[in-house]
Amino acid sequence: VAHELNTPIGNSLLMASTLQERTSDIAARFDSASLRRSDLADYMSASREASSLIMRSLHNAAELVNSFRQVSVDQASAQRRRFDLARACQEIAATLMNTVRLGRHRLELAVAPGIVMDSFPGPLGQVVINFVNNALLHAFEGPGGSMVLEAALRDGSVRMVFRDDGRGIPQEHQSRIFDPFFTTRMGQGGSGLGLNITWNIVTTLLGGTVRVESSPGQGTAFIVELPLRAPDPQAQGEVPAPAPFVAADGR
Ligand SMILES: Nc1ncnc2c1ncn2[C@@H]1O[C@H](COP(=O)(O)OP(=O)(O)OP(=O)(O)O)[C@@H](O)[C@H]1O
Ligand SMILES: [Mg+2]
């Protein structure tokens with residue numbers, strides 16, 4: 001079990017034990033007939049708060065377990081192959097177009113033709129899907145948003161840039177958006193795992209880097225640099241895991 005699970009599970013345990021204590025306390029007052037109306041009111045509000053924190057934490061833990069499952073399934077079934085990047089991007093964009101049009105936004109492709117990669121098109125597609133979903137969910141306040149996916153060869157590697165012209169990401173969030181569970185949409189469908197998964201796919205499986213450039217009101221750009229040839233899986237097992245998502249003890 002990954003040690004990132006410790007946070008939500010630890011939080012739930014803490015809350016549940018507080019709840020347990022408060023419950024025996026109020027039960028004792030009830031038994032000794034010293035229960036006041038205000039005790040009961042306090043208890044109800046504390047227990048409401050504790051149970052909603054527990055629900056939220058366990059929801060996070062469940063999401064995390066799911067995403068582990070997803071990532072490992074994806075990686076196991078990830079077919080490594082040679083593929084044309086422009087064609088792969090077109091295929092991914094085609095699957096997203098309905099959603100993009102529904103929100104009356106635009107997604108443009110500017111991928112240089114003729115780039116052939118020996119890598120993992122499935123997980124690479126997941127990366128693009130996460131960027132687009134994030135732009136749709138976080139960047140645009142109304143219809144008319146515009147997104148561009150560019151890719152070109154630069155010094156022998158692929159440089160992919162995904163841009164939106166949305167609200168941007170505040171400076172103080174930029175160093176945290178790749179962390180697991182960092183979300184500004186807590187309780188509104190966000191679990192804060194999308195960019196963490198993206199980061200893991202890019203830096204481990206694909207052997208590249210990803211960073212963000214944004215300023216509020218000016219939109220956001222995610223810059224992904226990838227080798228044409230993904231690292232060998234054996235070599236991946238040997239490098240120390242750089243991802244916060246991967247447990248330090250390697251489990
Ligand atoms: N294009 C964007 N524009 C503005 N903010 C963004 C954009 N992409 C990401 N963010 C910010 O980064 C945070 C983290 O993104 P991430 O994808 O990891 O989590 P999430 O989208 O909130 O939840 P999840 O992807 O797990 O459903 C978001 O909550 C949001 O605040
Ligand atoms: Mg997301």
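**Core and sheet**

Modeller: With the core: Leu-85 and Met-160 touch the most other members of the largest nonpolar core, which has 51 residues. Such a core is a set of buried Ala, Val, Leu, Ile, Met, Phe, Trp, Tyr and Cys residues joined through side-chain atoms within 4.5 Å, where buried means under 20% relative accessible area (1.4 Å probe, protein chains only). Helix 3 (residues 85-102) gives the largest share, nine residues. At least three residues come from each of domain 1 (3-76) and domain 2 (80-238), with bounds from an automatic or database domain assignment.

This is a predicted model, where local features need pLDDT of at least 70 and side-chain atom pairs count only at pLDDT 80 or more, while totals for chains, interfaces and linings use all residues. Residues are numbered from 1 along each chain as its sequence is written, and side-chain values use heavy atoms, leaving out hydrogens and water.

Colleague: Which residues is Met-160 in contact with, leaving aside neighbours within four places in sequence?

Modeller: Contact means heavy atoms within 4.5 Å. For Met-160 the list includes Leu-85, Cys-89, Leu-124, Val-128 and Phe-222.

Colleague: And how do I read the sheet?

Modeller: Strands (E, at least two residues) and helices (H or I, at least four) are DSSP runs numbered from the N terminus, and two strands pair if DSSP finds at least two bridges between them. Here five strands form an open sheet in the order 2-4-5-7-6, with mixed pairing. Strand 2 (106-111) and strand 6 (209-214) are the edges, each pairing on one side only.

Colleague: In what sense do strand 4 and strand 5 pair?

Modeller: Antiparallel, over eight bridges; Glu-150 has Val-161 in strand 5 as its bridge partner.

Key:
Chains are lettered from A and ligands numbered from 1 in the order in which they are written. Buried means under 20% relative accessible area, exposed over 50%, partly exposed in between (1.4 Å probe, protein chains only).
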